Amino acid sequence: MSQQPTLAVVGGGAAGTSLIAAYARRLSSEIGGTAADVIVFESAQRYGPSVAYAQDADTALLNRPYSAMSVDYGDPGQFRRWLYRRRSAAAPAPTRTSLRPAPAGHFVPRNLFGNYLEDVFRQACEDLALLGARVTLVPTAVTDIVTDGTAGRLLVTADGQRHAADVTVLAVGTLPPADVFGLRGTDGFVHQPYPLDRSLDGIGADRDVLVLGSGLTAADVALVLAGHGHRAGITLASRSGRVPDVRTDLASSPLPELLSDARQLLARGDVTLRGVHHILDSALRAGGTTLAEALLPYTEDWDAPDLLRHRLADPLPGGLAQRCVGALAPYYSALWRALPATQQRAFLRSRHRTYNCLRSPMPTTNAQKLLALGDSGQLTFRRRITAVEPAPGGGFTATYADGTTTRHDVVVNAVGRTIDTSAAPPSSLVSRLVARGTVVPHPLGGVRVDPATNQVLDAGGGVREGLYVVGDLASGEHFHTSSMELVARQADTVAGRLVPASDRVLAGAAQ
């Protein structure tokens with residue numbers, strides 16, 4: 001090991017970018033902070049966007065207003081300002097100061113957030129260099145991590161190179177989507193839909209398409225196909241048939257009464273699903289509706305077009321529920337861990353899908369477009385799909401619980417993210433680390449981590465020094481870590497651990 005410590009970040013996407021940006025912020029605010037040398041591993045062509053926010057169709061929108069997106073959870077308007085600067089710089093000089101910002105509820109293409117992440121990544125690397133770090137970018141996937149006989153680790157890349165590190169942060173993002181019906185490798189099956197422009201480009205306009213899933217990814221697939229001039233039928237099919245809620249422009253606020261109720265619930269130490277529902281219902285009643293009314297489309301299992309029409313016509317119940325669910329985000333991890341294990345499993349089994357629909361609703365414009373495609377007869381929503389098999393002579397046959405079947409030329413996998421480590425490809429880094437026991441699968445998803453530090457835990461519950469997780473792999477412990485806000489919170493926690501303790505003492509003494 002060199003005298004100057006080395007920090008390895010496995011993944012240069014949104015989670016990795018959040019981590020190195022948080023590390024640079026922490027170091028720059030310390031007295032005499034000493035930066036570690038940094039190595040970032042990312043197999044994609046760009047650092048920052050990764051697959052999730054790569055260059056793609058402009059019709060693939062963020063599902064959150066740009067004013068709520070940032071790699072720094074303490075500065076939620078960072079992306080918004082980046083957009084304003086970009087817009088201003090592109091305008092003729094005489095008009096720059098007179099440009100009016102877009103509405104706060106505006107939804108922008110995902111690739112714009114990718115461009116922002118690329119800029120943040122580049123700036124963080126420059127900042128780290130100014131703070132004394134040597135920053136090395138390795139455009140190759142890490143395939144294994146092994147101990148080197150000391151306190152550090154060796155990271156093995158796909159080309160056989162080995163890189164030594166004192167501290168390693170796993171920021172690998174989401175696991176590949178599950179291949180529910182074992183179709184991977186079959187002609188006409190698209191396993192990974194993102195980037196959509198690239199994966200859907202080869203689908204002929206007259207080919208009938210089955211999209212597996214009915215969530216945000218499935219909606220993106222349908223809208224991008226339609227935007228490309230697709231003429232044949234498109235079917236969104238899933239087991240539940242549930243589509244995301246429709247996001248409203250109701251003004252967000254901290255909802256202090258709800259947050260106070262959440263703190264009291266945690267302080268009493270008797271957190272239950274019933275108790276969480278009670279504080280949500282109280283907040284909704286104060287706003288003029290109820291939890292039962294907000295959940296009606298889901299508890300009564302409405303068809304997707306009926307849900308979309310209802311939410312567009314009457315956004316109040318769903319909008320208030322979305323605000324409440326969003327306001328509780330800082331308490332997710334504590335509330336989740338306080339629930340009895342039986343209730344955690346019950347939530348994942350029967351209520352998680354509804355939660356996701358409210359937590360990650362679709363932009364209003366997308367809901368309107370989906371309804372228009374449905375009304376035209378081109379788009380169909382189906383539920384309770386049970387099987388998809390290659391058909392003799394080509395194409396696929398889909399089977400549903402009522403015994404009906406449909407035939408399709410192409411199948412696009414849009415089942416969304418998974419946090420089940422057993423779904424990782426056998427040759428992947430995650431699978432190797434699980435097989436060796438370096439990381440231990442959490443029974444509720446992801447791997448076991450110390451909730452206070454995000455350090456990886458071993459089978460006995462002890463921390464693995466110098467090994468951290470940021471992002472989806474911590475989902476079992478923290479719950480719902482796929483949003484930028486929650487990823488940024490984890491990144492800041494880990495970055496705080498990476499600043500040498502002596503620097504923190506010096507900073508405290510100077511206050």
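Which residues do ring pairs link into a cluster? Select Tyr53, Phe79, Trp82, Phe113 and Tyr116: ring pairs join these into a cluster. Rings of Phe, Tyr and Trp (its six-membered ring) pair if their centres lie within 6.5 Å; planes under 30 degrees apart are stacked, over 60 edge-to-face, and the rest tilted.

The model is predicted, so local features need pLDDT of at least 70 and side-chain atom pairs pLDDT 80 or more, while totals for chains, interfaces and linings use all residues. Residues are numbered from 1 along each chain as its sequence is written, and side-chain values use heavy atoms, without hydrogens and water.

The structure holds 15 aromatic pairs. Next, select Tyr332 and Tyr355, an edge-to-face pair at 6.0 Å centre to centre with 75° between the planes. Tyr332 sits in helix α11 (residues 332–338) and Tyr355 in helix α13 (residues 352–359), 23 residues apart. Helices here are DSSP runs (H or I, at least four residues), numbered from the N terminus. Both Tyr332 and Tyr355 are buried (under 20% relative accessible area, with a 1.4 Å probe and protein chains only).

Then select Trp336 and Phe347, edge-to-face at 6.0 Å centre to centre and 70° between the planes. Trp336 counts as buried at 5% relative accessibility; Phe347 is buried at 12%.

Last, show helix α9 (residues 304–313) and helix α14 (residues 364–375), which pack at about 135° with axes 10 Å apart. Axes are lines fitted to C-alpha atoms over the stretch in contact, and angles run from 0 to 180 degrees between N-to-C directions. Pro305, Leu308, Arg309 and Leu312 in α9 meet residues of α14 including Ala367 and Leu371, where contact means heavy atoms within 4.5 Å.

Terms used:
Helices (H or I, at least four residues) and strands (E, at least two) are DSSP runs, numbered from the N terminus. Buried means under 20% relative accessible area, exposed over 50%, partly exposed in between (1.4 Å probe, protein chains only).
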